Each structure stands twice: as structure tokens, then as C-alpha cells.
Amino acid sequence: MRHSAAADKQDLLALSAEDVEWIIPGEDWPLAGTHRGHAGLNDLVQKANETVETSYPETPEFIAQGDRVLVVGFARGRIKATNRTFEDHWVFAITIRNGKVTNIREYVDTQALAQASETAASPRP
């Protein structure tokens, strides 16, 4: 059964601390940056739905120790604005405090994502 994006967003907010911080590395692609608090998370999810189509062909691996969880996975996707596809091996490093997510730091293939986001109007320096 597939959840709606709205339900997924509510689940994410319910699991997240008020002062959550989600850090996505890189430049030259729409989701890069530091996103703070429920408002930042809300904006990130909305922007992701508008700009990227992503599928996860393999179940990610979860590694937990203390208040840390590493999620290791692989994604295929498409940047909607450019119609360019990408493949991304990624790790999410998640910190949990009092049962809530307080920090997510992504380690992603920033080059693949930036290249898929490039348009003819934004040539490389």
C-alpha cells in the first residue's frame, strides 16, 4: 500500500524534534543546504516532491548504536526540471534524542545530483 506524500510528511514531522536539523551537502542542486525545525523540514519535503522523482530499488540497511542510526542505500531518480536521471549511493547519519530525530546528515553523490540538475543555461565554470 502506498502512502500519500501528505501522510508521509505528517509521519516525518511526528518523528522529528522541534529543533531538528537536516543537512544535505552540495551546491547546484535544489535540495542542498541546511534545513532547520519543522518549518524547514516541511519546506524540504515540499521542494523534494516538486523537483525530484526518486525510487529505491533495494531495501536500505539500518545500523544502530546508541543514539545513532546509519541508513545505507541506493536510489535512482530524475530531476523534473531537466528530465535528467541520476544514480545515488547514499548514507543518512541520524541522531535520535528522547525518541525524536534531532539531526540528519546526508552523504550523497553530490556530483551526480548537480549534473542531473544542470541546464544548458548553467554551464560549468
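Analyst: A residue is called buried when its relative accessible area is under 20%, exposed when that area is over 50%, and partly exposed in between, using a 1.4 Å probe and the protein chains only. The model is predicted, so local features need pLDDT of at least 70 and side-chain atom pairs count only at pLDDT 80 or more, while totals for chains, interfaces and linings use all residues. Residues are numbered from 1 along each chain as its sequence is written, and side-chain values use heavy atoms, leaving out hydrogens and water.

User: Thanks. How many helices and strands are there?

Analyst: The protein has three helices and seven strands. These elements are DSSP runs numbered from the N terminus, with helices being H or I runs of at least four residues and strands being E runs of at least two. Along the sequence their order is α-β-β-α-β-β-β-β-β-α.

User: And what share of the residues is buried?

Analyst: Of the 125 residues, 34% count as buried. The protein exposes about 8000 Å², and carbon and sulfur atoms supply 51% of that area. These accessible areas come from the Shrake-Rupley method with a 1.4 Å probe; for residues, only the protein chains shown count as cover.

User: Let us turn to the strands. Which strand does strand 7 pair with in the parallel sense?

Analyst: Strand 7 (residues 100–107) pairs in the parallel sense with strand 1, over four bridges. Two strands are said to pair if DSSP finds at least two bridges between them. Within this pairing, Ser 16 has Val 101 in strand 7 as its bridge partner.

User: How do strand 6 and strand 7 run, parallel or antiparallel?

Analyst: Strand 6 and strand 7 run antiparallel and are joined by seven bridges. Val 91 stands opposite Tyr 107 in strand 7. The two strands form a hairpin with two residues between them, and Asn 98 in the turn has a positive phi of about 50°.

User: Now the charges. How many salt bridges does a search of the whole structure find?

Analyst: The search finds four salt bridges. The term covers a side-chain nitrogen of Lys or Arg within 4 Å of a carboxyl oxygen of Asp or Glu. As a general point, side chains of opposite charge can pair when their charged atoms come close.

User: What does Arg 97 form a salt bridge with?

Analyst: Arg 97 forms one with Asp 19, and the closest N and O atoms are 3.3 Å apart. This pair links distant parts of the chain, with Arg 97 in strand 6 (residues 84–97) and Asp 19 in strand 1 (residues 16–24), 78 residues apart. Arg 97 is partly exposed at 42% relative accessibility, and Asp 19 is partly exposed at 48%.

User: Which salt bridge involves Arg 78?

Analyst: The side chains of Arg 78 and Glu 53 meet in a salt bridge at 2.9 Å, N to O. Arg 78 belongs to strand 5 and Glu 53 to strand 3 (residues 52–55), so this pair ties together parts that are 25 residues apart in sequence. Both are partly exposed, Arg 78 at 21% and Glu 53 at 41%.

User: What about Glu 87 and Arg 76?

Analyst: Their side chains also meet in a salt bridge, at 3.1 Å from N to O. Because Glu 87 lies in strand 6 and Arg 76 in strand 5, the pair ties together parts that are 11 residues apart in sequence. Glu 87 counts as partly exposed because its relative accessible area is 45%, and Arg 76 is partly exposed at 40%.
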